[in-house]
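Hi everyone, thanks for making time.

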Amino acid sequence: MCLLNVVLLDAKAEFRFLIAFILSGFVAFTVNAWAKRRTNYASLCGNARNTNILISSKIPLDLNNEALMKTRRKMARWVMLAMELAMLKSRGHMDSDEGREHLLEQKLVTAAEWERLVSGDRHSTVFWWIHLEATRLANEDVISPNFAVEISEAASKMRAQANDLMSSLDRDLPLPYTVLCGMLVQLNVLIMSTWKGVEWSIWLHSLGSAELLDQGRFWIDILVLLSWNVSYKALYDLNYIMQNPFGNRRIDVAHEVIFAGIRKLSIALANGEDHAPPADDEDEDADTYGDKNNKKENDESRRLEIELRTANATN
């Protein structure tokens, strides 16, 4: 029994070094992939805002032209539809009936539009629609060709971010590497637990059951073993926990809140009437910036200039 204890002790020492080396890289890759996916989503949000701003500023805001206003609202809706489809793809519902009902309920898509979206690439189809609509407006001289190019470029940049939030081509860990890490973790837990079992049996043989149970080190050793095994298993399970940050858990991206904010901006800019800047003759304070008669602003500028000169002279 004592010889077995020595053998297991040596094996534990060898495997502990190996698994620590392998598992550290595994955890680093896992966290890095998680961060990349969240960064990708942040870029998608920024591009969605930018595309909405560009569409609502390049397409004329003419409240007397209902057809043109309808086009503004439609293209803004398509931008948000593409964003939501990208999220549904990451959740596995881009082509499902559940995803369709969600989009219809949110009034992001019509039943006719849904039938025309390419299955498996519905978000890409929406970006194609945006390109087509921008081209049509340019051909009809509603917007200049340069404006159409700017809208298309913005849509292309957004499509690059929305393409596949859960891309496995460049972000997933290699399967053999993942399997190897899992096998080493299981072996490490097995060896550690077996070694402790042998060691405790030696203590039991030496002290007897009654005295062993009175030993504080025995109970502490159990807690240490439990903590050891749980820690190694938890580090390996990070890959499962952090694989997809686009679910409905508290640790995932708060997509519903973020999307609602971007959609609010999109609707407001598409309608435009209540948020366009006021005309100069409607705003008495419109021309006060930099006005020589604005004594308070000029005094503040002089004070800052004096402080800057004093600081430079001191240095």
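Before I point at anything, one term: when I say buried, I mean under 20% relative accessible area, exposed is over 50%, and partly exposed is in between. And please keep in mind that this is a predicted model.

Let's start with Leu 103, which you'll find in helix H3.

The charged end of Arg 122 sits over the Trp 114 ring, 4.0 Å from the ring centre.

Okay, on to the rings. How many aromatic pairs does the structure hold? Eight. One of them is Phe 29 with Tyr 177: the ring centres are 6.3 Å apart and the planes make an angle of 85°, so we call this pair edge-to-face. Now look at where the two partners come from. Phe 29 belongs to helix H1, residues 2–58, while Tyr 177 belongs to helix H7, residues 175–207, so the pair ties together parts that are 148 residues apart in sequence. Phe 29 itself is partly exposed, at 47% relative accessible area.

Another edge-to-face pair is Phe 218 with Trp 219, at 5.2 Å centre to centre and 65° between the planes. Which of those two is buried? That would be Phe 218, with 10% relative accessibility. Trp 219, on the other hand, is partly exposed at 44%.

Ring pairs link Phe 29 with Phe 26, Tyr 177, Tyr 236 and Tyr 240.

Phe 29 also turns up in our next topic, the cavity. With a threshold of 30 Å³ or more, the count is one cavity. The largest cavity holds about 50 Å³ of space. Which residues line the largest cavity? Besides Phe 29, the lining has Thr 30, Ala 33, Arg 37, Arg 171, Asp 172, Leu 173, Asn 239, Met 242 and Gln 243. Helix H1 gives the most to this lining, four residues. By type, the lining residues divide into four nonpolar, three polar and three charged.

Lys 107 isn't a glycine, yet its phi is positive, near 60°. You'll see Lys 107 in the loop between helix H3 (97–105) and helix H4 (111–116). With 64% relative accessibility, Lys 107 counts as exposed.

Asp 141 gives us a second case: a positive phi of about 60°, again in a residue that is not a glycine. Where does Asp 141 lie? In the loop between helix H5 (122–139) and helix H6 (145–162). Asp 141 counts as exposed too, at 69% relative accessibility.

Definitions and conventions. Residues are numbered from 1 along each chain as its sequence is written. This is a predicted model: local features need pLDDT of at least 70, side-chain atom pairs count only at pLDDT 80 or more; totals for chains, interfaces and linings use all residues. Side-chain values use heavy atoms; hydrogens and water are left out. Rings of Phe, Tyr and Trp (its six-membered ring) pair if their centres lie within 6.5 Å; planes under 30 degrees apart count as stacked, over 60 as edge-to-face and the rest as tilted. Helices (H or I, at least four residues) and strands (E, at least two) are DSSP runs, numbered from the N terminus. Buried means under 20% relative accessible area, exposed over 50%, partly exposed in between (1.4 Å probe, protein chains only). A charge sits over a ring if NZ of Lys or CZ of Arg is within 6 Å of the ring centre and within 35 degrees of the ring normal. On a 1 Å grid over the protein atoms alone, a cavity is a set of points where a 1.4 Å probe fits but cannot get out, and a pocket is an open set with protein on both sides within 12 Å along at least five of seven lines; lining residues have an atom within 4 Å of a point. Grid points are joined across faces, edges and corners, and a volume is the space filled by probe spheres set on the points. Ala, Val, Leu, Ile, Met, Phe, Trp, Tyr, Cys and Pro count as nonpolar, Asp, Glu, Lys and Arg as charged, and the others, Gly among them, as polar.
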